[in-house]
Amino acid sequence: MNQTTELGPALARRSQWVSVPGAPLRATLFNRAGGPSLFDRLYATCQFDGNGCWIWTGAKTDKGYGRLFGGGVKYRAHRLSWMIHCGHIPDGMFVCHTCDVPACCNPNHLFLGTALDNNRD
């Protein structure tokens with residue numbers, strides 16, 4: 001698999017991050033002093049499979065979603081990936097998977113949806 005190809009659309013959306021409110025979160029994601037950033041940890045803990053999924057190999061919830069802790073906050077890995085690549089998650093919205101793989105963090109496999117969308121997905 002070509003990781004650069006998979007990152008293309010996601011990295012193009014990443015430029016939108018600068019306009020998203022929440023400077024402390026951006027600092028935690030990209031500039032954590034004294035250790036790897038959440039951005040670095042996300043990529044270091046994913047394996048890239050043949051279907052384009054970025055499989056989270058770290059700690060998981062009982063339903064198979066990746067989880068990590070950073071900057072005093074608990075994150076689900078796929079939601080963190082969305083925030084890094086696409087920006088803010090509006091209140092009440094879910095980050096859903098088009099691939100139906102809970103451990104997948106590929107932002108190209110994620111979309112924002114309502115509770116109804118999430119249940120259908």
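**Figure 1. Contacts of histidine 97, whose side chain comes to 3.0 Å from the backbone oxygen of cysteine 104.** The model is predicted, so local features are given only at pLDDT of at least 70 and side-chain atom pairs only at pLDDT 80 or more, whereas totals for chains, interfaces and linings use all residues. Residues are numbered from 1 along each chain as its sequence is written, and side-chain values use heavy atoms, with hydrogens and water left out. Histidine 97 is part of strand β5. Helices (H or I, at least four residues) and strands (E, at least two) are DSSP runs numbered from the N terminus. With a relative accessible area of 4%, histidine 97 is buried. Buried means under 20% relative accessible area, exposed over 50%, and partly exposed in between, with a 1.4 Å probe and protein chains only.

**Figure 2. The largest pocket, with a volume of about 270 Å³.** Its lining consists of 14 residues, and Tyr65, Val95, Cys96, His97 and Asn118 lie nearest the centre. Two or more lining residues come from each of α4 (77–85), β5 (94–97) and α5 (115–120). Strand β5 contributes the most, with 4 residues. By class, the lining holds 6 nonpolar, 4 polar and 4 charged residues. Here Ala, Val, Leu, Ile, Met, Phe, Trp, Tyr, Cys and Pro count as nonpolar, Asp, Glu, Lys and Arg as charged, and the others, Gly among them, as polar. On a 1 Å grid over the protein atoms alone, where a 1.4 Å probe fits, a pocket is an open set of points with protein on both sides within 12 Å along at least five of seven lines; lining residues have an atom within 4 Å of a point. Grid points are joined across faces, edges and corners, and the volume is the space filled by probe spheres set on the points.

**Figure 3. Helix α4, in which 8 of 9 residues are buried.** The buried residues are Ala77, His78, Leu80, Ser81, Trp82, Met83, Ile84 and His85. Histidine 78, a residue of this helix, has a relative accessibility of 4% and therefore counts as buried. A polar atom of the side chain of histidine 78 lies 3.4 Å from the backbone oxygen of valine 95. Valine 95 belongs to strand β5 and, at 5% relative accessibility, also counts as buried. Valine 95 and serine 81 are 14 residues apart along the chain, and their C-alpha atoms are separated by 9.8 Å. Just after α4, glycine 87 adopts a positive phi of about 110 degrees.

**Figure 4. The aromatic cluster formed by Phe39, Tyr43, Phe48 and Trp54.** The structure contains 3 aromatic pairs. In one of them, phenylalanine 39 and tyrosine 43, the ring centres are 4.9 Å apart and the planes stand at 65 degrees, so the pair is edge-to-face. Rings of Phe, Tyr and Trp (its six-membered ring) pair if their centres lie within 6.5 Å; planes under 30 degrees apart count as stacked, over 60 as edge-to-face and the rest as tilted. Phenylalanine 39 and tyrosine 43 are separated by about one helical turn, because they are 4 residues apart in helix α3 (residues 38–44). Both phenylalanine 39 and tyrosine 43 are buried. The rings of tyrosine 43 and tryptophan 54 have centres 5.4 Å apart and planes at 55 degrees, so this pair is tilted. The pair links distant parts of the chain, with tyrosine 43 in helix α3 and tryptophan 54 in strand β2 (residues 54–56), 11 residues apart. Tyrosine 43 has a relative accessibility of 15%, and tryptophan 54 a relative accessible area of 0%.

**Figure 5. The largest nonpolar core, a set of 20 residues.** Leu42, Trp56, Leu68, Leu80 and Cys105 touch the most other members. At least two core residues are supplied by each of α3, β2 and α4, and α4 gives the most, with 5. A nonpolar core is a set of buried Ala, Val, Leu, Ile, Met, Phe, Trp, Tyr and Cys residues joined through side-chain atoms within 4.5 Å.

**Figure 6. Histidine 109 in the loop between β5 and β6 (110–113).** Histidine 109 is buried, with a relative accessible area of 12%. From C-alpha to C-alpha, histidine 109 and cysteine 99 are 6.1 Å apart in space, and they are 10 residues apart in sequence.

Terms used: Polar contact = N/O pair within 3.5 Å; in protein donor to acceptor, adjacent residues only side chain to side chain.
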